[in-house]
Amino acid sequence: ADIFRLWVASSDFTQDLRMGNDIIQSNTDAYRRLRNTIRFMLANLSGFDEKERIEYAKMPELERYILAKIAEIDAIVREGYAKYDFNRVYNTVFSFCTNELSALYFDIRKDALYCDAASSTRRRSARTVTDIAFRHVVTWLAPILCFTMEEAWLLRFPGEGESVHLQTFPDVPKEWRNDKLVQKWSRIRELRRVVTGALEVARRDKVIGASLEAGPVLYVSDPKDAALFDGLDLGEIAITSGAKVSTLAAPADAFKLPEVEGVAVEFHHAEGDKCARCWMILPEVGSHPKHPDLCNRCSAAVDALETA
């Protein structure tokens with residue numbers, strides 16, 4: 001029933017409507033992707049409570065970017081429902097779940113969620129923003145996917161008096177709105193796409209099996225592009241064990257994307273040994289007598305677990 005409702009919501013009712021097996025399959029695939037995004041959030045919010053929540057000012061920039069996107073999308077969703085423009089609501093939220101959450105935010109932050117110490121600022125921030133994203137996405141989509149969003153809400157908040165359909169859209173604090181941050185990360189994502197392209201070539205040629213085996217160098221001709229990464233870790237963003245940004249001239253054989261001008265990537269293998277816990281390849285692995293197969297972060301996280 002929800003897949004059929006999804007087809008209705010995603011259709012432009014100002015035009016002739018089409019129905020067929022291909023259209024149903026397309027909506028089934030979209031439904032599955034939305035459901036998988038919500039399943040990921042539910043799994044990583046297990047045990048989350050208000051004591052773990054962290055305030056906006058202490059969050060890393062990536063978390064503040066996601067909150068800025070939520071603020072941006074919230075305005076579109078509210079306007080869309082007010083105008084009965086369900087097509088715009090659905091496409092906006094689906095794009096956010098697919099592009100901002102699954103393909104970017106969760107892809108980057110799954111390392112922190114799985115490997116950081118429970119008390120780390122980065123992990124607490126990731127869980128806080130995941131909680132915020134869950135509450136917004138599920139309530140935004142409740143009028144369209146009424147059964148699925150009710151199921152998701154009750155899995156998170158069980159109880160006879162609970163229902164997603166008794167909720168209103170969560171309020172968005174003014175401090176979340178940040179157009180400059182959204183613009184900045186839009187460019188960072190373009191640069192990241194070049195790095196990802198270079199890694200895909202290395203994976204295709206069987207030079208590496210996973211991105212964590214890489215330590216690429218990103219060459220940018222514009223110093224403003226290099227400045228974007230001040231205070232940020234390109235390796236974390238690109239999901240590699242390390243990465244560098246350079247404003248020097250790129251080697252002639254460096255990987256490039258025609259649509260992203262002035263940017264090139266040179267592949268390098270990550271240096272060091274593989275951490276048995278987070279799988280990053282780092283020079284520090286092997287330097288801890290108590291945990292010879294772990295990196296600094298994982299060694300500290302395991303020590304914290306053992307003393308808890």
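Predicted model: local features only at pLDDT ≥ 70, side-chain atom pairs only at ≥ 80, totals over all residues.
Buried here means under 20% relative accessible area.

**Helix 10.** Select residues 296–307, the 12 residues of helix 10. From first C-alpha to last the helix reaches 17 Å, close to the 16 Å expected at 1.5 Å a residue. Now colour Cys298, Ser299, Ala301 and Val302, which are buried in helix 10. These residues lie on the same side of helix 10 because they cover an arc of only 165° around the axis. An α-helix has 3.6 residues a turn, so residues three or four places apart point the same way.

**The largest pocket.** To centre the view, pick Lys110, Asp111, Ser211, Leu212 and Ile239, which lie nearest the centre of the pocket among its 31 lining residues. The space in this pocket is about 660 Å³. Coloured by class, the lining shows 13 nonpolar, 6 polar and 12 charged residues.

**The second largest pocket.** Next comes a pocket with a volume of about 240 Å³. Select Gly215, Gly242, Lys244, His269 and Glu271, the closest to its centre of the 14 residues that line the second largest pocket. The lining of this pocket has 7 nonpolar, 5 polar and 2 charged residues.

Note on methods. Residues numbered from 1 in each chain as written. Heavy atoms only, no water. 1 Å grid on protein atoms, 1.4 Å probe; cavity = no way out; pocket = protein on both sides within 12 Å on 5 of 7 lines; lining within 4 Å. Points joined across faces, edges and corners; volume = space filled by probe spheres on them. Nonpolar A, V, L, I, M, F, W, Y, C, P; charged D, E, K, R; others polar. Helix = DSSP H or I, 4+ residues; strand = E, 2+ residues; numbered from the N terminus. Expected span 1.5 Å × (residues − 1). Buried < 20%, exposed > 50% of the residue type's maximum accessible area, 1.4 Å probe, protein only. Arc of directions from axis to C-beta.
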